[in-house]
Amino acid sequence: VRAAKDAYADSQRKSVASMREKERRTARRREEARLQRVAAAEAEAFSAAQREAALAKADPEVASRIRARTHAKAEEERRRVERRMHAERVVQRARYAEALQDTIKAQLVKKHIVLPPLCACPHATKSQPFDLTAVYRCAHNCPLHNDEAAYHAALSQMLAAHDILIAPPPAL
């Protein structure tokens, strides 16, 4: 029985070893194929750059078109980076605002404070204190109607009255 168990264990070890070797060979082939694709792409880009340089030397009009194309690509890349940076800033601001709201809510709960409605509109009793869309649901004769700045000022004054101070956000 012991010999059968040892034989089975040896066969399992050999099986695992052969599977690992097969995986290594496959990974090696994939890496070689990837390197060949990269080398081919580099060679193609280099030959295209050489062709453009030769054309530019032969014809100044071609050279100006090549410069214009290069400038357009650079400008598009700059715009793409600018859009990405803007999107990141928007996300950072949203995270900051959410964290600040959570901090203020925690302070309100800690001090056992329930904020009263900021205006007398019917929706105000159901709205959350940090609901920024509340000003768009206010009545036309409400001083907060469509005025986010007035809403923020009223909310800040309400929080300051309860000794909850809001630090200005860092420059993003």
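User: Is Arg137 buried, partly exposed or exposed, and what is its relative accessibility?

Analyst: In this predicted model, Arg137 counts as partly exposed, at 41% relative accessibility. Its salt-bridge partner is Asp131, and the closest N and O atoms of the pair are 2.7 Å apart. Asp131 is also partly exposed, with a relative accessibility of 22%. Because the cut-off for buried is under 20%, Asp131 at 22% does not count as buried.

Arg137 is also one of the residues that His123 touches, along with Ala134 and Cys138, when residues up to four places away in sequence are left out. His123 itself sits in the loop between helix H2 (60–110) and helix H3 (148–161). With a relative accessible area of 14%, His123 is buried, whereas Arg137 is partly exposed.

In helix H1 (residues 2–58), Asp10 and Arg13 are three residues apart, about one helical turn. Their closest N and O atoms are 2.4 Å apart. Arg13 is exposed at 53%, while Asp10 is partly exposed at 36%.

Helix H1 also holds Glu31 and Arg34, again three residues apart, about one turn. The closest N and O atoms in that salt bridge are 2.7 Å apart. Both partners are partly exposed: Arg34 has 37% relative accessibility and Glu31 has 36%.

Conventions:
Residues numbered from 1 in each chain as written. Predicted model: local features only at pLDDT ≥ 70, side-chain atom pairs only at ≥ 80, totals over all residues. Heavy atoms only, no water. Helix = DSSP H or I, 4+ residues; strand = E, 2+ residues; numbered from the N terminus. Buried < 20%, exposed > 50% of the residue type's maximum accessible area, 1.4 Å probe, protein only. Contact = heavy atoms within 4.5 Å. Salt bridge = Lys/Arg side-chain N within 4 Å of Asp/Glu carboxyl O.
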